[in-house]
Amino acid sequence: MPFARLASATTPTAHLGLGLAAVGRPAYITLGRDAELPERTPEALRARTHELLDAAYAQGVRYIDTARSYGRAEEFLAEWLRDHPEAEDVVIGSKWGYTYTGEWRMDAEAHEVKDHGAAAYDRQLAETRELLGDRLDLYQIHSVTPDSPALTDTALHARLAELAGQGVTVGFSTSGPAQAEAIRAALAITADGGPLFRTVQSTYNLLEPSAGEALAEAHDAGLTVIVKEAMANGRLAGEHAPEALREAAEAAGTTPDAAALAAVLRQPWAGVVLSGAATAAELHTNLLGAAVDLDEDRLAGLAGLAEEPEAYWRYRSGLPWS
């Protein structure tokens with residue numbers, strides 16, 4: 001199991017990961033991108049990705065998360081791995097199920113298209129393998145929802161079980177207001193007499209904690225839990241952070257983003273918590289979350305930030321690709 005490498009790590013930042021969604025393509029739905037990424041050419045984002053990977057590795061990060069739909073993120077990561085043979089202890093996860101269709105345009109009609117069919121899996125696994133080769137540790141179904149055919153397609157399950165038999169961990173990610181339902185449905189899927197999935201990656205943050213109980217169940221069932229969007233697409237950072245979070249961060253002597261990440265890291269089931277930083281400075285403050293001490297009173301005060309899942313995901317779906 002590749003995540004055993006993280007479980008045995010002694011540095012706190014080994015349990016923080018770097019997600020490449022924000023830097024593998026010119027447009028994404030994180031707030032504040034104009035200031036973070038003034039230049040969006042492939043060469044500029046390649047350089048930025050490599051800068052972030054350098055900074056992350058130097059500061060103890062050992063999990064990198066990417067996806068087929070993150071533009072050229074797999075390509076940029078593959079180049080960095082080739083140039084850094086010393087980084088053999090990094091765990092690499094990617095995802096399939098969305099195809100990038102943005103054609104490197106900010107104004108694309110559709111930036112990605114979802115397809116959880118077996119044919120899409122075959123095609124995208126071949127594409128990922130071509131770039132990452134045997135450095136692929138984890139392959140996840142991208143954004144499973146309760147109505148996803150990936151939950152009932154036995155032919156797909158057989159393909160995923162075959163991949164697991166080759167030594168690649170198989171997992172899934174979730175999205176939407178019914179994440180808990182999707183998680184529990186996926187936990188029930190078996191292959192060769194055991195659970196098919198060994199990891200789950202879900203959105204969980206101070207504004208959207210509704211998947212917490214299901215993630216605890218997944219952890220108890222032996223899955224590694226990866227948390228994505230802990231910063232709520234920038235809503236919990238800097239000037240966008242709610243007043244209660246800014247006050248809690250100031251009391252703890254830190255920044256809102258670090259406090260938001262610290263709140264997630266406090267969850268006993270959280271195996272890896274992703275930073276989606278687009279700059280090395282953001283990454284540095286994100287990683288400070290591993291050392292932030294939020295007491296029970298402060299955490300209780302932040303619990304009031306939670307929104308109804310439907311309202312949270314409705315707001316997220318309205319964020320512009322920028």
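This is a predicted model: local features need pLDDT of at least 70, side-chain atom pairs count only at pLDDT 80 or more; totals for chains, interfaces and linings use all residues.
**Notebook: salt bridges and a buried Asn**

Started with Asp122 and Arg159, whose side chains meet in a salt bridge at 3.0 Å, N to O. I looked up where the two sit: Asp122 is in helix H5 (residues 118-132) and Arg159 in helix H6 (residues 154-165), so the pair ties together parts 37 residues apart in sequence. Asp122 is partly exposed, with a relative accessible area of 34%, and Arg159 is partly exposed too, at 30%.

Buried or exposed, for Arg235? Arg235 comes out buried at 14% relative accessible area, because the cut-off for buried is under 20%. Glu307 counts as partly exposed at 25%.

Then a pair within one helix. Glu51 forms a salt bridge with Arg48, with the closest N and O atoms 3.6 Å apart. Both are in helix H3 (residues 42-58), 3 residues apart, so about one helical turn separates them. Glu51 is partly exposed at 39% relative accessibility.

How many salt bridges does a search of the whole structure find? I get 19. I also noted a network of salt bridges linking Arg46, Arg72, Glu75 and Glu79.

Last entry: Asn286, in helix H11 (residues 280-287). Asn286 counts as buried at 5% relative accessibility. Leaving out residues up to four places away in sequence, Asn286 touches Leu16, Asp257, Leu261, Ser275, Gly276 and Ala277.

Notes. Residues are numbered from 1 along each chain as its sequence is written. Side-chain values use heavy atoms; hydrogens and water are left out. Helices (H or I, at least four residues) and strands (E, at least two) are DSSP runs, numbered from the N terminus. Buried means under 20% relative accessible area, exposed over 50%, partly exposed in between (1.4 Å probe, protein chains only). Contact means heavy atoms within 4.5 Å. A salt bridge is a side-chain nitrogen of Lys or Arg within 4 Å of a carboxyl oxygen of Asp or Glu.
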